[in-house]
Amino acid sequence: MKLARLLYLNSENASKSALQDNLGDSYLYEKNKIYKAIRNECLKNGFVFSSDFDAFYLALPLAELENFLKNKKIPYFNNVDVIKNIENKKSNLADWSDVVDNLKKNFLFHESCHAVARSFRSNKPQGLENKILNQLIEESFANSCELLGIIYAEDTAHRIFYEMNSYTALFEQKTNLKNASEELGFEFIFKVTMLGYLHSNHLHDSMDDLTLKRIIALGDATKKLSDKQLKTIKFVLRNCFNLDDTFKQVTTRFYMKLNALEATHSNLKNVDYLTEFEKNINYTLYLKFLTDLLVAKA
């Protein structure tokens, strides 16, 4: 696809809630219901987006996550003007394939999901395990939004823009996820996906049948699944274990250390997060709120 075409699509759907100097932001805001819901909720809760940030974010973004969540200022790179400059030099010459490997991506969709989850945390965590759990709920919410957001990627431009604004974009799973959402309901699929990511983020590399049964019950205790539907759920949840092991094993623990949480492999893996959801109404309400936020838009 020509850069000129992407620039046109980037500017065609102008909105005051979108960022014109972030490639694809206005397109995704108009075309992707989850992306739009997250943006609107961020703005509603006082978050702003800025391409004016200090060198710390440029050097080590992970170390700055808590700062921008606290200050309600989410950073991003202006990656549009450089493309405009290319087009000004030689109009309609360059293709997307010429720049895709070198153009700076933005991850403000993922980070915006953190902001939304943080804004509506329904309890003040007490103790190490609950503090770890709350941090990983935020991460799992972001993972789930990124995964299920691909449902709306109906064309090449959408896929290009989505990939430029996300950590992961498993487009090959689009049809399966869309079919599962239509068959079993988006609300149910989102809940079990988020709990599946939470299981994965606690450093589990698989899920046994008992854990699956408990997750399904938390998703909807009244839902009776056929063998075929159960197979569908298992297929959806496989995506939760495609997270990069280095990110889970190293980056997560580093982030925890920065926030005075000593998250060893043992205490991450042994947190009984399902029991917390089953016995603590605050966690089930938290899950319900985050899901309801997206259900009306899906």
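Residues are numbered from 1 along each chain as its sequence is written, and side-chain values use heavy atoms, with hydrogens and water left out. Because the model is predicted, local features need pLDDT of at least 70 and side-chain atom pairs count only at pLDDT 80 or more, whereas totals for chains, interfaces and linings use all residues.

**Core and ring pairs**

The largest nonpolar core has 88 residues, of which Ile38, Phe141, Phe277 and Leu294 touch the most other members; such a core is a set of buried Ala, Val, Leu, Ile, Met, Phe, Trp, Tyr and Cys residues joined through side-chain atoms within 4.5 Å. Apart from neighbours within four places in sequence, Phe141 is in contact (heavy atoms within 4.5 Å) with Ile38, Cys113, Val116, Ala117, Phe190, Met194, Leu290 and Leu294.

Across the whole structure, eight aromatic pairs are found, where rings of Phe, Tyr and Trp (its six-membered ring) pair if their centres lie within 6.5 Å, and planes under 30 degrees apart count as stacked, over 60 as edge-to-face and the rest as tilted. Phe141 and Phe190 form an edge-to-face pair, with 5.9 Å from centre to centre and 75° between the planes. This pair links distant parts of the chain, since Phe141 lies in helix 8 (residues 127-149) and Phe190 in helix 11 (residues 186-201), 49 residues apart; helices are DSSP runs (H or I, at least four residues) and strands likewise (E, at least two), numbered from the N terminus. The rings of Phe277 and Tyr283 have centres 5.4 Å apart and planes at 40°, so that pair is tilted.

The table gives relative accessibility, with buried meaning under 20%, exposed over 50% and partly exposed in between (1.4 Å probe, protein chains only).

| Residue | Relative accessibility | Class |
|---|---|---|
| Phe141 | 0% | buried |
| Phe190 | 0% | buried |
| Phe277 | 3% | buried |
| Tyr283 | 0% | buried |
| Lys72 | 33% | partly exposed |
| Asn92 | 42% | partly exposed |

**Backbone**

Most residues other than glycine have a negative phi. Lys72, however, has a positive phi of about 60° and is found in the loop between helix 5 (65-71) and strand 2 (73-75). Asn92 also has a positive phi, near 60°, in the loop between helix 6 (81-89) and helix 7 (108-119).

**Helix packing**

Helix 12 (residues 209-219) and helix 13 (residues 227-237) pack at an angle of about 100°, with axes 12 Å apart. The contact is made by Asp209, Leu212 and Ile216 of helix 12 together with Leu230, Ile233, Lys234 and Leu237 of helix 13.

Definitions and conventions: Axes are lines fitted to C-alpha atoms, for helices over the stretch in contact, and angles run from 0 to 180 degrees between N-to-C directions.
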